Amino acid sequence: LTGIAKYTNGTLAETGISLDVTILDINDNAPRFEPQSGEVFEGSRGGTFVMQIEGKDDDQPGTINSTISYSIISQEPEGLSHMFRIDEQTGKLYVKKPALDRERVELYRLVVQGADMAGAAGGLKGSGTVEIRILDINDNVPTLEQCEYSASVDENVHNVVVSRIKARDRDLEHTDNWRAVFVIARGNEDNLFAIKTDENTNEGVLKLIKPLDFEKVQNLELTLLIRNVAPFTKGEVVMTDVGVRVREGEPLAPTSGPGGGGPVKGGVDVESARHHPRPTAGGGGCPEGYVIRITVNNVVEDPAFIPAVREITVSEDPKDQPKDGIIMVFTAVDPDTGKAAHVR
């Protein structure tokens, strides 16, 4: 605005005077929130930082009218208590109790409230929704459905599937925390068998890779150990001095048998916990591992000449020829009995 000045007698005293008008703010805007989301590892200890909650207030910045006080007014699912807490001044969200378990609750929805005037009486309030996804860690050991299995295989075959054994694991499917590794700990000293994991079904596929002979062996017994691709850990998630989230505690060590053989937020990888994966013994009441008893099936085999080739010496002198004309008798042998076969 510009103005002029006049003397009391009405004559012009000055022109082009600048007039500044300051509009005083009143508290006429409530805090508001955009949808926000964050994530945190299950098992995180109390006080673990989750995310920054930010409310907005269109009143004058830096004044009491736009100073927001934060609070959590509801949690879904409710559970036994609130799992998170929020700093009322900064809006920083933290884990409240070390009880987050992804296998029980994978996603929490919080309704947060902002009250301006720093939460004083007479201030305006607004609310918004925050989603917290719980990230998986390998806190469940893989197990099999039973301690003992039985299977059978024909003799004289190889590269055939003997059995498919389903692994059970409560961790996040199709991750290294869920995916099983099977190890034949005993009974495979001759390397007759191999086992690999079907990554889609998490089954151990046991194959016979060398042929068996029923006449030499009728029964075999294998002992399996099982572990995850990622190491099993226990305890609370902690932050190391290099900023990598790991879990307190040692991985489960095998009770018998030899050893065998995902990306997360902020480049953190639980698998970087200072331990090498090792196979664990059987869980669920199978401390010595899982037993597979294999029966070798006898297959009817064709008669064979043993040896397959023989050398015969025949004299050219007719006087030395046998009277019945037979110079050699070849006997076919039944491989199953080792005795002469009855052939037609």
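How many residues does the largest nonpolar core have, and which of them have the most contacts inside it? The close-ups below start there. This is a predicted model: local features need pLDDT of at least 70, side-chain atom pairs count only at pLDDT 80 or more, and totals for chains, interfaces and linings use all residues. Residues are numbered from 1 along each chain as its sequence is written, and side-chain values use heavy atoms, with hydrogens and water left out.

**View 1. The largest nonpolar core.** This core has 26 residues. F193, L206 and I294 have the most contacts inside it. A nonpolar core is a set of buried Ala, Val, Leu, Ile, Met, Phe, Trp, Tyr and Cys residues joined through side-chain atoms within 4.5 Å. Buried means under 20% relative accessible area, exposed over 50%, partly exposed in between (1.4 Å probe, protein chains only). Strands that each supply at least two core residues include β11 (148-154), β14 (193-198), β15 (203-208) and β19 (290-297). Strands are DSSP runs of E, at least two residues, numbered from the N terminus. A second, separate core of 21 residues includes Y70, M83, I86 and L100.

**View 2. Around I294.** Contact means heavy atoms within 4.5 Å. Leaving out residues up to four places away in sequence, I294 touches A151, V153, V162, F193, L206, Q218, N219, L220 and L222.

**View 3. D136 in its loop.** D136 sits between β9 (125-135) and β10 (143-144). It counts as buried because its relative accessibility is 9%. Its side chain makes a polar contact of 3.1 Å with the side chain of R102. The D136 side chain also reaches the backbone nitrogen of L172 at 3.1 Å. A polar contact is a pair of N or O atoms within 3.5 Å; within protein, one must be able to donate a hydrogen and the other to accept it, and residues adjacent in sequence count only if both atoms are side-chain atoms. Beyond four places in sequence, D136 is in contact with residues including F41, E42, E103 and N177.

**View 4. A30 beside K125.** A30 lies in the loop between β2 (12-18) and β3 (36-41). Its relative accessibility is 33%, so A30 counts as partly exposed. A30 and K125 are 95 residues apart along the chain, yet their C-alpha atoms are separated by 5.5 Å. Not counting residues up to four places away in sequence, A30 touches K56, D57, D116, L124 and K125.

**View 5. I327 in its loop.** I327 lies between β20 (304-305) and β21 (332-333). I327 counts as partly exposed because its relative accessibility is 47%.

Technical notes:
Helix = DSSP H or I, 4+ residues; strand = E, 2+ residues; numbered from the N terminus.
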